[in-house]
Amino acid sequence: MTTLTNEQRITLHGFNNLTKTLSFNMYDICYTKTKEEREAYIAYIDEQYNSERLTKILNAVAEIIGAHVLNTAKQDYVPQGASVTLLVSEGPIVEVPTESYEESPGPMPANVALQLDKSHITVHTYPEYHPSEGLSTFRADIDVSTCGEISPLKALNYLIHSFDTDIMTIDYRVRGFTRDINGHKLFIDHDINSIQNYIPDAVIEAYDMIDVNVYQEHIFHTKCKLREFDLNNYLFGYTKDKLSEAEQQEIAERLKVEMDEIFYGKNIR
């Protein structure tokens, strides 16, 4: 167990009012050659990530950060997509969360109980497809917003392992301020220089990553693109041996351009 130094022990005036928000955006990309393949892929995604499963994922996030779920709102949309929102409050505290000062990948569920208050966790999904080029994408946006000592980055490890992800865009921001007993404002209560410090080494090795951080504003941004490309992972319902070499090359090029455009946030064709 980590022992806090005197510099790390800060006596606050009242509650810790800092708001820490983690935004986790993931993309799954697929090549769907025909209308039937596209509709089957969208139906598959809609079933895999319906509101029931998303609710289980968000409840696991709440468990990791020690939150008590006050209310759940969930909705499956027509023709596709789903949303879930959890309103959460401080949950049972097993022990003082001294490890919150360390930059390290967070735990999986059932390994830790931390504290949280006046907070929410949301997810929205966005299945979509290109009108003519056979590309379909699934995007999920998850936001974990907490007040108090613990950073929602502790839930990042679990979120990464909850989705099949080709591209991830991760944002973390600390807002507001709290005061010590002398009235001095604290605009952040923990050291952080990169979101990557909360991502396991095995995941870092599997992705190309770019950081865009504004340290003085406590804004941190990391985007990740899967390094290894296997065409079989992007075909729905069949494997590449059903395609000619020319078709394989053309489809692979389309997929790689699509991934680059999402990763860099611009059209590059």
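**Contacts, salt bridges and burial in the predicted model**

Asn17 touches Phe177 and Thr178, residues up to four places away in sequence being left out of account. The model examined here is predicted. Asn17 belongs to the segment that precedes E1, and its relative accessible area of 45% places Asn17 in the partly exposed class.

Five helices and ten strands are assigned in the protein. Of the contacts with a separation of 6 or more, 72% are accounted for by residues 24 or more positions apart. Of the 269 residues in the protein, 47% are buried. The accessible surface amounts to about 13700 Å², and carbon and sulfur atoms contribute 48% of that area.

Strands E1 and E5 were then considered together. The two strands pair in the antiparallel sense, with 13 bridges between them. Within this pairing, Cys30 has Ser136 of E5 as its bridge partner. Strand E5, which comprises residues 135-147, is mostly covered, as eleven of its 13 residues are buried. In general, side chains in a regular strand alternate between the two faces of the sheet.

Seven salt bridges were counted in the model. One of them joins Asp189 to Lys20, with 3.0 Å between the closest N and O atoms. This pair links distant parts of the chain, since Lys20 is in strand E1 (residues 19-31) whereas Asp189 is in the loop between strand E8 (185-186) and helix H4 (201-206), 169 residues apart. Both partners fall under the 20% limit for burial: Asp189 is buried at a relative accessible area of 17%, and Lys20 is buried at 0%.

A salt bridge is also formed by the side chains of Lys33 and Glu247, at an N to O distance of 3.5 Å. Lys33 is located in the loop between E1 and helix H1 (35-48) and Glu247 in helix H5 (residues 245-264); the pair therefore ties together parts that are 214 residues apart in sequence. Lys33 counts as partly exposed, with a relative accessibility of 47%, and Glu247 likewise counts as partly exposed, at 28%.

Arg139 and Asp141 provide another salt bridge, in which the side chains meet at 2.8 Å, N to O. Here Arg139 is partly exposed, with a relative accessible area of 25%, whereas Asp141 is buried, with a value of 11%.

Helix H1 was examined for its length and for the placement of its residues. The buried residues of H1 include Glu37, Arg38, Tyr41, Ile42 and Ile45. Because these residues cover an arc of only 130° around the axis, they lie on the same side of H1. Glu36 and Glu47 are exposed on the other side of the helix. As a general rule, an α-helix has 3.6 residues a turn, so residues three or four places apart point the same way.

Terms used:
Residues are numbered from 1 along each chain as its sequence is written. This is a predicted model: local features need pLDDT of at least 70, side-chain atom pairs count only at pLDDT 80 or more; totals for chains, interfaces and linings use all residues. Side-chain values use heavy atoms; hydrogens and water are left out. A salt bridge is a side-chain nitrogen of Lys or Arg within 4 Å of a carboxyl oxygen of Asp or Glu. Helices (H or I, at least four residues) and strands (E, at least two) are DSSP runs, numbered from the N terminus. Buried means under 20% relative accessible area, exposed over 50%, partly exposed in between (1.4 Å probe, protein chains only). The arc is that of the directions from the helix axis to the C-beta atoms. Contact means heavy atoms within 4.5 Å. Accessible areas come from the Shrake-Rupley method with a 1.4 Å probe; for residues, only the protein chains shown count as cover. Two strands pair if DSSP finds at least two bridges between them.
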